[in-house]
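The notes follow the order in which I looked.

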There are 2 protein chains.
Amino acid sequence: MTARPARGRRPGDPAVTRRAVLEGARATFAEAGYERATIRAIASAAGVDPSLVHHYFGTKEELFVAAHELPLSPADALAALADDEGTLGERVTRAYLSAALTEGGPFESLVRAAMTNPTARTMLRRFIERGMLDGLAPYLGTPDARLRLILAGSHLIGLFMARQVLGVDALRRADPEQLVRVVGPTIDRYLTGELDPVG
Amino acid sequence: MTARPARGRRPGDPAVTRRAVLEGARATFAEAGYERATIRAIASAAGVDPSLVHHYFGTKEELFVAAHELPLSPADALAALADDEGTLGERVTRAYLSAALTEGGPFESLVRAAMTNPTARTMLRRFIERGMLDGLAPYLGTPDARLRLILAGSHLIGLFMARQVLGVDALRRADPEQLVRVVGPTIDRYLTGELDPVG
């Protein structure tokens with residue numbers, strides 16, 4: 001017989017508890033960074049006992065991986081763009097900004113953690129190389145497709161860094177639709193435009 | 001009378017010691033990140049006694065600031081570009097890549113640290129807003145100059161992140177001059193091209 005947890009919510013529906021822990025983990029990793037995020041702080045953010053965090057997710061590293069699965073399928077991503085307005089570049093930029101510029105989302109947490117933690121860095125690189133480059137290259141169908149995609153992707157990552165992580169004023173003040181209009185043509189050129197012979 | 005330091009190089013020329021500590025600090029901050037870098041590890045990388053690090057630079061935070069002064073003057077930066085080949089965008093891209101893609105340089109250390117440490121983040125934002133945006137905006141001379149500059153700058157930061165920090169294969173394999181040719185036109189457009197009305 002185990003004692004009732006000393007603090008936090010009483011364990012109930014496992015699915016609810018797991019979801020609360022994952023949300024608490026993402027918020028804590030994003031705010032404190034991987035190194036400083038403790039299981040105790042994550043449990044407190046989730047309103048559960050720390051023993052439950054270990055019970056459901058194991059180590060901090062395992063919890064981090066579980067909290068940052070980015071299950072983007074290229075087909076889903078393209079389908080989501082199909083109904084939107086504007087050029088392909090504008091649609092890509094708009095979709096990215098609305099996902100990435102959400103404060104405290106999994107993308108923000110993962111990017112911050114990737115700066116200092118090798119596990120997070122490997123996850124993010126793998127997500128970019130496999131999910132994004134390998135997954136989307138066939139849709140472009142050119143020999144330089146992976147380079148085209150990473151040029152577009154690195155520009156969008158840079159916008160995220162400058163606006164969201166660093167908080168540079170000139171970008172924070174810019175309206176997202178304004179950014180879509182000025183950045184969209186760059187993304188169009190990288191994805192489908194004329195480039196100097198590459199690759 | 002003080003005892004000779006237990007380990008490390010014997011204190012000699014203060015200028016030599018200070019330089020060694022600054023180099024050791026940049027290398028250690030870049031490799032371990034701000035949080036995990038210890039004065040002891042920095043002293044060891046510099047080959048001096050930890051007490052000398054404290055003596056010359058005070059706290060870890062003070063040492064970090066001293067190690068990451070980015071004394072870029074806009075006039076110097078523009079002068080350095082003047083003799084180079086290609087369009088303005090190509091010259092900017094080439095200069096940035098040769099500075100930023102140097103492994104273990106102050107830029108890499110600062111960007112990594114900025115992800116998790118508020119002091120480093122404030123330093124990098126201040127460098128971008130004051131050094132880059134305020135310093136260079138008068139040379140563009142348009143009302144939207146600061147937004148134009150940060151669009152160009154954030155693209156270059158993103159390239160650095162994807163290539164140097166994450167190590168995405170498609171960018172690591174690209175030749176720097178190839179990147180100059182494909183990215184240069186984007187930088188030209190942001191700096192001096194036609195943009196949808198902004199600002």
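Below are my notes on this structure.

**Confidence.** I am working with a predicted model. I then looked at residues 1–9 of chain A, where the pLDDT is below 50. Beyond near neighbours in sequence, I noted 14 contacts in the model for this stretch.

**Helix contact.** I turned to helix H6 (residues 88–100) and helix H11 (residues 176–192), both of chain A. Their axes come within 6 Å and cross at roughly 125°. Angles of 65 to 115 degrees would count as roughly perpendicular and those over 145 as roughly antiparallel, and I therefore logged H6(A) and H11(A) as oblique to each other. I recorded the crossing of H6(A) past H11(A) as right-handed. From H6(A), the residues in contact include A:Leu88, A:Val92, A:Arg94 and A:Leu97. From H11(A), they include A:Leu179, A:Val183, A:Ile187 and A:Leu191. Sorting this contact by class, I have 9 nonpolar, 4 polar and 5 charged residues.

**Aromatic pairs.** I searched the whole structure and got 2 aromatic pairs over all chains. I looked into the rings of A:Phe29 and A:Phe64, with centres 4.9 Å apart. Their planes stand at 80°, so I logged the pair as edge-to-face. A:Phe29 lies in helix H1 (residues 14–36) of chain A and A:Phe64 in helix H4 (residues 60–67) of chain A. The pair therefore ties together parts that are 35 residues apart in sequence.

Technical notes. Residues numbered from 1 in each chain as written. Chains lettered and ligands numbered in written order. Predicted model: local features only at pLDDT ≥ 70, side-chain atom pairs only at ≥ 80, totals over all residues. Heavy atoms only, no water. Axes fitted to C-alpha atoms, helices over the stretch in contact; angles between N-to-C directions. Helix = DSSP H or I, 4+ residues; strand = E, 2+ residues; numbered from the N terminus. Parallel < 35°, antiparallel > 145°, perpendicular 65-115°, else oblique. Left-handed = near helix turned anticlockwise from the far one by under 90°. Contact = heavy atoms within 4.5 Å. Nonpolar A, V, L, I, M, F, W, Y, C, P; charged D, E, K, R; others polar. pLDDT = per-residue confidence, 0-100. Phe/Tyr/Trp six-rings, centres within 6.5 Å; stacked < 30°, edge-to-face > 60°.
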